[in-house]
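Subject: Structure handover

Hello,

Here is the structure you asked about. My notes follow below it.

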Amino acid sequence: MTAGIIDGKTFAARIRTEVAAHVARLGAATGTAPGLAVVLVGEDPASQVYVRSKHAATVEAGMASFEHRLPAATTQAELLALIGRLNADPAVHGILVQLPLPAHLNADAVINAIDPAKDVDGFHISNVGLLATGQKAMVPCTPLGCLMLLRDRLGSLAGAEAVVIGRSNIVGKPMAQLLLRDSATVTVAHSRTRDLAAVCRRADILVAAVGRPEMITGEMVKAGATVIDVGINRVERDGKARLVGDVDFASVAAVAGAITPVPGGVGPMTIACLLANTLTAFCRSRGLPEPEGLTA
Ligand code: NAD
């Protein structure tokens, strides 16, 4: 193996400590704490795990956590009414609706009903537009975490050839926007890309956000590239359940310059950035200066 390991777990822990320090300081100065409301509809087991960890991390950072667990049969009108109440609640600075929503609900309409200033996931069309036009936005947590890891590793990204594999609204597209904003030369590859391997081999920075276990192999990666593996795939190996990324770690680590592991790479950064976004939303709502290094 030649690649350096990008330790997202340690980096995320540092951000969480930083956020907690800001929360304590702001609490002493203002007598209030940032509040994050998380809305979960239905019983999806993976979503329940995510919501539990978000709650624990929020409380650990000294913030207020408001959990709203609704039955799977919740109607669109009921969900929109809850979003309306959270928008109006001055103790709530961040609102996150855990996706995916049950099929009968219109996720776009729900997300676009969130007050953009409280949209800590950065999925509201206003925030998407602000990010795309280089204005101050709430930035989606996973790509923000990837950007922080890249900046930490590489310093300036200007002029770097960056390839993002995946064009989802949650990861791929905002990742491409952030890289563009940092002056990388950005290519977005996807399921219809011709000769994906050749496109990937151009990359100084390769971000894989596909959802296909270990599909990026060593021969698709340029020597010395920095590889960010966003994928979280549950697979069975030797009769045991395991988590693997979209990148085949062993073969890629043999050629890359640096690589994020799964688990322990991008995953922990997502929650850390959710806390950072909630703190940012709190500061913006009160006209306070935003802590440095916690936004894009
Ligand atoms: P998605 O299914 O919405 O999008 C996948 C993208 O991959 C699509 O744009 C599609 O065009 C592309 N794609 C599919 N097959 C391809 C192929 N053969 N070649 C090239 N491109 C292909 O998924 P998503 O929500 O963007 O998530 C991607 C992965 O990242 C998943 O494994 C997900 O679990 C993971 N994820 C991790 C975090 C985290 O915190 N680390 C957060 C969000 C998503």
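Start with His124. This residue is buried, with a relative accessible area of 7%. Keep in mind that the model is predicted.

His124 sits in the loop that runs between α4 (107–111) and α5 (125–132).

- A polar atom of the His124 side chain lies 3.0 Å from the backbone oxygen of Asn112.
- The His124 side chain also reaches the backbone nitrogen of Ser126, at 2.9 Å.

What else does His124 touch? Leaving out residues up to four places away in sequence, the list is Ile111, Asn112, Ile114, Pro116 and Asp119.

Next, the nonpolar cores. The largest has 56 residues. Within this core, Val19 and Leu179 touch the most other members. Several elements each supply at least two residues: the helices α1 (8–30), α2 (45–60), α6 (141–154), α7 (172–181) and α10 (266–285), and the strands β2 (35–41), β5 (161–165) and β7 (205–208). The largest share comes from α10, with 12 residues. Both domain 1 (30–118) and domain 2 (141–268) contribute at least three residues each to this core.

Which residues does Val19 contact, once neighbours within four places in sequence are set aside? They are Ala61, Met63, Leu275, Ala276, Leu279 and Leu294.

There is also a second, separate core of 21 residues. Among its members are Leu196, Ala208, Met220 and Ala225.

Last, the cysteines. A disulfide is a covalent bond between the sulfur atoms of two cysteines. How many disulfides are there in the model? The count is zero. The cut-off between sulfurs is 2.5 Å. Two cysteines show how the distances fall:

- Cys146: the closest cysteine sulfur is in Cys273, 8.6 Å away, so it is too far for a bond. Cys146 is buried, with a relative accessible area of 0%.
- Cys200: the closest cysteine sulfur is in Cys146, at 15 Å, so this pair is too far apart for a bond as well. Cys200 is buried too, at 1% relative accessible area.

That covers the histidine, the cores and the cysteines.

Best wishes

How values were computed. Residues are numbered from 1 along each chain as its sequence is written. This is a predicted model: local features need pLDDT of at least 70, side-chain atom pairs count only at pLDDT 80 or more; totals for chains, interfaces and linings use all residues. Side-chain values use heavy atoms; hydrogens and water are left out. A nonpolar core is a set of buried Ala, Val, Leu, Ile, Met, Phe, Trp, Tyr and Cys residues joined through side-chain atoms within 4.5 Å. Buried means under 20% relative accessible area, exposed over 50%, partly exposed in between (1.4 Å probe, protein chains only). Helices (H or I, at least four residues) and strands (E, at least two) are DSSP runs, numbered from the N terminus. Domain bounds come from an automatic or database domain assignment. Contact means heavy atoms within 4.5 Å. A polar contact is a pair of N or O atoms within 3.5 Å; within protein, one must be able to donate a hydrogen and the other to accept it, and residues adjacent in sequence count only if both atoms are side-chain atoms.
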